[in-house]
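Please consider the sequence and the three-dimensional structure shown below. The explanation after them leads through selected local features.

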Amino acid sequence: AKSYGLSVRLVTNGLKLADPVYCEKVVSSGASVLISFDGLKRQMYEKLRAFPGALDLKLKALENISKHKKGKVILMTVIDKNINGDDMPKFLDYCLKNSKVIRGIFPMPLTHVWAESRLGYKPDRTTLEDIEKIVNDAVDGKVQFVPLGSLEFKNLARLFKLKHLPFLGVHPNCESFTLLLSNGNKYVSFSNFMKGDLYSLVEEIRKLDRSAEKYARKGQCGIFRKALLGLGVGRLVLKYANFGAMVNAKGLKAAVRWMGIFGAILTGKKVKDVIKDRTLMKGILQVLILPFEDNATQESERLEHCASGYAYIDTKTDTVKSIPGCIWERYKEAALRDNAIKYNKKGYDKGLAR
């Protein structure tokens with residue numbers, strides 16, 4: 001995949017990564033690794049995964065990954081408010097203790113797609129809003145989530161050659177995003193270090209992004225214009241950043257501490273290390289809630305605007321088609337079975353029709 005210039009992400013249950021040799025091969029490939037990890041309650045794996053021993057293998061996998069300098073993972077966590085909803089405080093503590101390897105969590109409401117004959121379990125529905133409340137309560141409040149689609153600053157990204165986040169540009173009632181910051185003892189809301197609210201900040205950045213549209217469209221932006229845009233970003237930092245809260249001080253005491261921080265940076269120390277050592281912002285945890293569709297609540301409008309999909313081969317026409325990511329689970333069995341029957345044969349070399 002990398003030979004075609006693709007950004008590679010490996011989504012896995014993580015069980016095989018408990019093998020240290022295999023884990024080293026995966027990490028050394030440079031692929032971003034996303035592991036399904038439904039918290040620390042063994043009951044979750046016993047009830048919904050039918051494999052209580054999976055937790056031990058996943059913990060071993062994360063231990064193996066942490067031994068590698070470039071080992072970073074995202075944990076994809078199914079939330080059933082009836083089973084593991086109250087596990088979030090303990091789960092976040094675990095993420096904090098392993099923050100060198102865990103850079104984000106992607107919670108997902110439990111999606112009801114199973115047949116009753118296969119699993120005799122009919123829990124209350126868990127919603128995106130349920131998970132937002134669970135996360136908020138776990139960090140003592142002040143958490144503000146924004147639609148991930150609102151963070152599509154495509155013009156600024158193009159001009160400053162910034163890397164795009166996945167899932168951007170989708171329906172507003174889709175992925176929900178926030179940041180948690182470590183103060184050294186626990187994760188707290190990003191809002192603790194802000195003046196004003198996250199929604200207003202996002203809207204102002206969107207306005208700045210729209211002002212850069214004509215330059216991004218032309219693909220040309222001079223140094224002067226980039227400097228003005230940079231000043232615009234700087235203005236927003238000054239407007240919304242609570243510098244006193246970042247260093248746990250006020251007034252003159254806060255000013256002195258920031259002078260020390262800038263002095264350390266000017267002497268050649270890495271900005272990341274100085275911020276971590278001298279402020280309450282010790283680390284960042286991304287929280288991205290992924291609300292997959294289920295049989296009872298399919299939203300056609302959200303699917304029509306979906307920018308994230310799975311590509312698969314239509315075996316009847318030998319052509320590549322795609323399907324919105326959050327409903328792939330409902331249709332993948334037939335698609336993968338047809339592909340296996342047609343292509344997984346010794347000596348098959350027909351390839352795709354052009």
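The paragraphs that follow treat salt bridges, individual residues and a charged surface patch.

The structure is a predicted model, in which local features need pLDDT of at least 70 and side-chain atom pairs count only at pLDDT 80 or more, while totals for chains, interfaces and linings use all residues. Residues are numbered from 1 along each chain as its sequence is written, and side-chain values use heavy atoms, with hydrogens and water left out.

Salt bridges form the opening topic. With a salt bridge defined as a side-chain nitrogen of Lys or Arg within 4 Å of a carboxyl oxygen of Asp or Glu, the count comes to 13. One of them joins Asp-86 to Lys-41, with the closest N and O atoms 2.8 Å apart. This pair links distant parts of the chain, since Asp-86 belongs to the loop between β3 and α4 and Lys-41 to the loop between β2 and α2 (42-48), 45 residues apart. Helices here are DSSP runs of H or I with at least four residues, strands are runs of E with at least two, and both are numbered from the N terminus. Asp-86 is exposed, at a relative accessible area of 57%, whereas Lys-41 is partly exposed, at 25%. In these terms buried means under 20% relative accessible area, exposed means over 50%, and partly exposed lies in between (1.4 Å probe, protein chains only).

Asp-87 is also placed in the loop between β3 and α4 (88-97). Asp-87 is buried yet has no salt bridge, and the nearest side chain of opposite charge, Lys-90, is 5.4 Å away. For this comparison Lys and Arg count as positive and Asp and Glu as negative, with His and the chain ends not counted. Not counting residues up to four places away in sequence, Asp-87 touches Gly-39, Leu-40 and Lys-41, where contact means heavy atoms within 4.5 Å.

A further salt bridge pairs Lys-133 with Asp-137, the closest N and O atoms being 2.7 Å apart. Because the two residues are four apart in helix α5, about one helical turn separates Lys-133 and Asp-137. Lys-133 is exposed at 54% relative accessible area, and Asp-137 is partly exposed at 43%.

Lys-186 and Asp-140 form another salt bridge, with 3.0 Å between the closest N and O atoms. Lys-186 lies in the loop between β6 (176-182) and β7 (187-189) and Asp-140 in the loop between α5 and β5, so this pair ties together parts 46 residues apart in sequence. Salt bridges that share partners also join Glu-204, Arg-235 and Lys-239 into one network.

Lys-142 is found in the loop between α5 (128-138) and β5 (146-147) and is exposed, with a relative accessible area of 59%. Asp-318 lies in the loop between β9 (309-314) and β10 (319-324) and is buried, with a relative accessible area of 4%.

Ser-36 lies in strand β2 (residues 32-36) and is buried, at 18% relative accessible area. Leaving aside neighbours within four places in sequence, Ser-36 is in contact with Thr-12, Asn-13, Arg-49, Lys-58 and Met-76.
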